[in-house]
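Dear colleague,

Please find below the structure that I am handing over to you. I would be grateful if you read the notes after it with the model open.

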Amino acid sequence: MKINAYTVVAALVLAGCGELEDEFETPMEAFDGPGGPGELAGMGAGPHSGSSPTLPVGSPAVTCPGARLIGLLDSPNASCNLGGTLPFNWDGYPMFSEGSPGLLALGAPVPGELGRYCVFEREAPPMDPQDYVEMFQAIELATTIELTEVAVDCMGEFPQADLNDAAVVEGMETAFDLNVDRVDDLMGTDWKRSNIDVTLLDTVPLGAANPVNKHGLQLAAVIDRIACPVYDPGCSGAIRNLLAMPRENWVDEPDWSRGGHHGTQGDIAMAVYQAVGEWEARLGSPSASDRLILNLSLGWDRDAQGAFNTGRAATMALISALEYARCKGALVFTAAGNNADEACPGSHTGPLAPAMFEEHPALDALACASEGYSGGGSGLPVFGTSSYTPLVYAVGAVDGLDQPLVNSRAGGQPRLVATGINGVNASSGFKALSGTSVASAVASATAALIWSYDETRTPDEVAELLHSTGWATGATADFSLAGTPAPMDVRRISVCAALDQACAGEPPFLCPQPGCAAEAPLSDAGLGDFSTQVDLVLATATVDAYTGAVTEVPICLPGPWTNLADPQPEVPVCPYCNIDIPPEDDSVDPDDVLSMSLHAEYATETILGVTLTTYDSARTATVHRFATEVIDSLNDGSSGVTTVTLDVPDATVASLEFTIESASGDVYSQANAITVNAR
């Protein structure tokens, strides 16, 4: 086994905002040559390059040279060393028992179908085409594995917003609380609650002192604020991070101690299995939870070459791990995903994976047993009478007015949505985040709150309660469990309404009954207190004020698909930037004000350019480009706030895109959703 073997990875989306990184200008092709198979594209000449490799029929496309392979044995009793026939310098080991330090620590036999998955890795770089061909030939000759099911494990995307004054942050927190209908008073019933295990499969290893990417910690803080509204160390302690994205790029080794920004389907599959195993190991201890929620605020695009293939072992391994988790009683929420390029709203369509697995049914009790996944768990009910039982529950994101976020994917809205704009827990010290990552966290937190009062509900009953008590947005779902009647209403989660219904008929001293129901969005999107605090800052801060911007129609230039994408930084450049649109006054034109304050963590970096994109109610976009004076003001640490007065009276949503030069000289861009205050 090679815990730190040479591997290659494509990023998985922590489904927030982000842009594809053009790591390759064109998608790699598996074969070339008009007459038959040729060299695997993108791989340089090596020690075997004297002749063209001959690829066996059924070989997978090597879209990321250097990556490991995942295969599926015909029987769990077969060996991953293929009877000792592995080529020189190749290593094969059982995926779900030796794939990571966490799995090694479980030390338990791998159940049923999960015992069939193998990882094949080169013991050392460099790689060249013949290395893969020799491995494929060995698999073709083996009698215990099918080459047509072998996959290269590299597909994915990214994980997937002065004005940083504490009062402004708290104002945004208030807006978020209002939009999710947060409950802050459990009416003295918190003694009755059970701890519910919420495990975030994310960027952060458990106990990491200084993780590379704090995305998982930020979402944990959001979950804690909703699931644990009163001080309760047991409740907060049951919210855990487990590393599912240990990588920074294709060629570096995974970092199991500090984590990374990216991961593969195999990484996530192993994390799912590890989460269930560690939860089962905790059962019986004084603070253990009898229920498990898995939050997957991540995903990858299915349209990249070879990125999604249910007939190949990489995708199959993740599906098998999710089936195993559901058989054990886990409730799985996953982010529906965002558009990688806001300027090209139609270029990326449909939900990301694994959110699209909502179209797949979970296994029933008989099927779980046939796969070898029965037994274990907490012993509480797993299978009930629910008619809607998908493998995962996808969660979409809406803003404070129930509109899809700026970067929503066409055709990617599931039946369950939550407020995904400006999610923040002010006391945590983290800044606001926006995206379907936040929406998935809201769903996980609400489910944990419901389950803490009644653990006898099945996972599907809890998920159905979140949907049935939510506010009907008027939209219909773009995808749902195969075979269910269409169309299905899109409903926004109301924490208060879900808890009220869950406690209906219970004695009030055992279960809080706040007496609420889901309601239409507030006319000001809940931004009243936030707007007040912004006004106070503008009245007292040092402000550099400018007027006007060059306006233009956005040009959509979608780039080619890549297997690697760029994550949104865990700290947005401008988390509390906002546009204030006062009541229309024809005598003052323009009179709309964009206010910007950069976060202190970007003090060592240089802003090279900023563009504002505004969208009207019909989602027609207009780009505004700012003069050099505005950029200079943002880079000048002596200015508390930079304002630009412009004319955007029809704007309903907006985003800023910053072009940034890092202290090391790297240039990158970051999209940053901002708040629009229509007075």
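Predicted model: local features only at pLDDT ≥ 70, side-chain atom pairs only at ≥ 80, totals over all residues.

Residues are numbered from 1 along each chain as its sequence is written, and side-chain values use heavy atoms, without hydrogens and water.

The axes of α10 (residues 436-453) and α12 (residues 495-502) come within 10 Å and cross at roughly 20 degrees; axes are lines fitted to C-alpha atoms over the stretch in contact, with angles from 0 to 180 degrees between N-to-C directions. The two helices are therefore roughly parallel (angles under 35 degrees). In α10, T446, L449, I450 and Y453 meet V495, A498, L499 and A502 of α12, contact meaning heavy atoms within 4.5 Å.

The second largest cavity has a volume of about 70 Å³. A cavity is a set of points on a 1 Å grid over the protein atoms alone where a 1.4 Å probe fits but cannot get out, and lining residues have an atom within 4 Å of a point; the volume is the space filled by probe spheres set on the points. Its lining includes R193, D232 and S452.

The peptide bond from A353 to P354 is cis, with omega near 10 degrees. P354 lies in the loop between β9 (331-335) and α9 (365-370). L82, although not a glycine, has a positive phi of about 55 degrees.

Yours sincerely

How values were computed. 1 Å grid on protein atoms, 1.4 Å probe; cavity = no way out; pocket = protein on both sides within 12 Å on 5 of 7 lines; lining within 4 Å. Helix = DSSP H or I, 4+ residues; strand = E, 2+ residues; numbered from the N terminus. Parallel < 35°, antiparallel > 145°, perpendicular 65-115°, else oblique.
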